[in-house]
Amino acid sequence: MNSIYPSWLSKQMLSGIRGFNVCAYLVALEGWRRGLELKWYYNPNLLSDIKGVGYNPTGKFFSLSNGKKTHFFFRSRGDKVSNEAINIASDKELTKKYLIKANVPVSEGTFFDVNDDVQSILDKARDVTYPLVIKPALGSLGKGVITNIRTEEELKHSITYVNSEFPYDKYIIERFITGDDYRIYVMGDKVLGAFKRIAANVVGDGKRTISELIKQKNEERNLNPYLSAKPIKINRNLLEYIGREGKSLEDIPDENEVVFLQGLSNITSGGDSIDVTKKLPDNIKKVAINTIKAIPSLIHAGIDVIINEEEITIIEVNATAGITSHHFPMFGDPQNIPAGIIDYYFPDTKGVEKADDNIYYDQKKVLDLLEGKIVENIEIPKAPLGDLFAKRYVVVGNVQGVNFRKWIRKKALDNNLNGYTRNLTNGNVVVVVAGIDKEKVEAFKEICMEGPSRAQVRLVKEFVWDKQIKAGFEIRKSK
């Protein structure tokens, strides 16, 4: 299982950022590191008609500019995706009509309204081949989805259940396609990333119960920065699913026996993810790309595909797809989806000098300012382009309580250096500085040796610093 951050990210960079805010930050960070002007907005409607989705858009709207052109983004989606495309992709019934028209393979099915009586729904569903799946026409993240419905009695029970438990007005009943489940991210004519999804499961050892194996699996998922927030949950759906398979939480599976806990492969529901970007067959890539082309001005999106031997079926199109999952697959290599997005929107930045992967800006502070409604928009100072040189200096002497940290911060900013300073409990002061000018970084040792007028510096110890650096220079609390 993957537990290591990719080279362009770190735990420190993502600290305090959650959910879809991470998707937005990943794209913004890539653009910022390429020297683009980055602005964040509380409400960008006065400047752009880009459409947001979800209940809390704060911290998800931003713009990138190269001085000649500006593009607005919501989460991972840029303004080249039209609002019409978003409306189509968010409506499964409408999406299916466009895909059928373009000869893109979709599953047979029918729709029903929550106000329809159960018998009329059952009558409409008789033309759909079992097994079946029920899912919301406008839903996402696997909520309100019931899979592998094998009889009319199970269908009747599932209809009653979704109508009573979920707030959706319209549902789709489709043939439940079994096979390998893929999420593919497409940009224009190119597949940027793909991973295979496996429904939530545990593997028996002949000793522990299913309940104990779930606990162990969640401990493993907790090692992954993305999957840690998406554990396997023991809920009604899970209990009903394993119940239909004749199992309970107290059963002890045989050694190496795979027990599936959901019929849904959604990662949010505890599913596993395996990166297959380099192994994805060309015929699957072609179907995914044709799906994008079938919807006017979609440009880039996440495509859900089921493969059963030679049969390829499009399950869903997500115009505002989460991309963090591609950075943190459970198994396999991470994929830098934002790099492909910025290549498309700003092709002039492709292959040119960019900021070091160790430099980042404080997104948590941006979120705090926007969520607190303290500012309407925030412009992030430009990133230093080029390789980053960094040093850690430990200043020994009478250096606390003499304004040393405020003085050193001014000196660092005067020299266009990034980093921080902090008092140590032993009376010393640590100074970390980084910049693209190696001579300035190395010369900063003499500045530390000088100190303000009230300081008495006896010694400055020098160390190599190869960790991440936050843009700007801050005074941190004592550690």
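Trainee: Which residues lie nearest the centre of the largest cavity?

Mentor: Start with the general idea. Rolling a probe the size of a water molecule over the atoms shows where empty space is left. Now the case here, in a predicted model. The largest cavity is lined by 13 residues. Nearest its centre lie Lys92, Thr95, Glu174, Ile315 and Glu316.

Trainee: Which elements give two or more residues to that lining?

Mentor: Helix 3 (92-101), strand 8 (170-175) and strand 15 do.

Trainee: How many nonpolar, polar and charged residues does the lining of the largest cavity have?

Mentor: Sort the lining by class. Seven residues are nonpolar, one is polar and five are charged. The space in this largest cavity is about 120 Å³.

Trainee: How many cavities of 30 Å³ or more does a search of the whole structure find?

Mentor: Three. The second largest cavity holds about 50 Å³ of space.

Trainee: What lines the second largest cavity?

Mentor: Trp8, Leu9, Leu26, Leu29, Glu30, Arg33, His327, Asn336 and Pro338 line it. Helix 1 (residues 20-33) gives the largest share, four residues. By class, the lining of the second largest cavity has five nonpolar, two polar and two charged residues.

Trainee: Which residues is Thr313 in contact with?

Mentor: Set aside the neighbours within four places in sequence. Thr313 is then in contact with Pro105, Val106, Ser107, Ile177, Asp304, Val305 and Ile306.

Trainee: Now a helix. Where does Ile86 lie?

Mentor: Ile86 lies in helix 2 (residues 83-89). Its relative accessibility is 4%, so Ile86 counts as buried. Skip the neighbours within four places in sequence again. The contacts of Ile86 are then Lys51, Val53, Arg77, Val81 and Ala319.

Trainee: What separation do the C-alpha atoms of Ile86 and Val202 have?

Mentor: They are separated by 36 Å. Along the chain, Ile86 and Val202 are 116 residues apart.

Trainee: On to charges. How many salt bridges does a search of the whole structure find?

Mentor: There are 31. To read one, find the two side chains and the N to O distance. Take Lys470 and Asp362, whose side chains meet in a salt bridge at 3.3 Å, N to O. This pair links distant parts of the chain, 108 residues apart. Lys470 is in strand 22 (residues 469-470). Asp362 is in the loop between strand 16 (359-360) and helix 11 (363-371).

Trainee: What other salt bridge does Lys470 form, with Glu474 as partner, and how far apart are the closest N and O atoms?

Mentor: The closest N and O atoms of Glu474 and Lys470 are 3.4 Å apart.

Trainee: Why does Lys470 count as buried?

Mentor: Lys470 counts as buried because its relative accessibility is 19%. The cut-off is under 20%. Glu474 is at 22%, so Glu474 counts as partly exposed.

Trainee: Which residues do salt bridges that share partners join into one network?

Mentor: Glu30, Arg34, Asp343 and Lys354. Look at one pair there. The side chains of Arg34 and Glu30 meet at 2.8 Å, N to O. Both Arg34 and Glu30 are buried.

Technical notes
Residues are numbered from 1 along each chain as its sequence is written. This is a predicted model: local features need pLDDT of at least 70, side-chain atom pairs count only at pLDDT 80 or more; totals for chains, interfaces and linings use all residues. Side-chain values use heavy atoms; hydrogens and water are left out. Contact means heavy atoms within 4.5 Å. On a 1 Å grid over the protein atoms alone, a cavity is a set of points where a 1.4 Å probe fits but cannot get out, and a pocket is an open set with protein on both sides within 12 Å along at least five of seven lines; lining residues have an atom within 4 Å of a point. Grid points are joined across faces, edges and corners, and a volume is the space filled by probe spheres set on the points. Ala, Val, Leu, Ile, Met, Phe, Trp, Tyr, Cys and Pro count as nonpolar, Asp, Glu, Lys and Arg as charged, and the others, Gly among them, as polar. A salt bridge is a side-chain nitrogen of Lys or Arg within 4 Å of a carboxyl oxygen of Asp or Glu. Buried means under 20% relative accessible area, exposed over 50%, partly exposed in between (1.4 Å probe, protein chains only).
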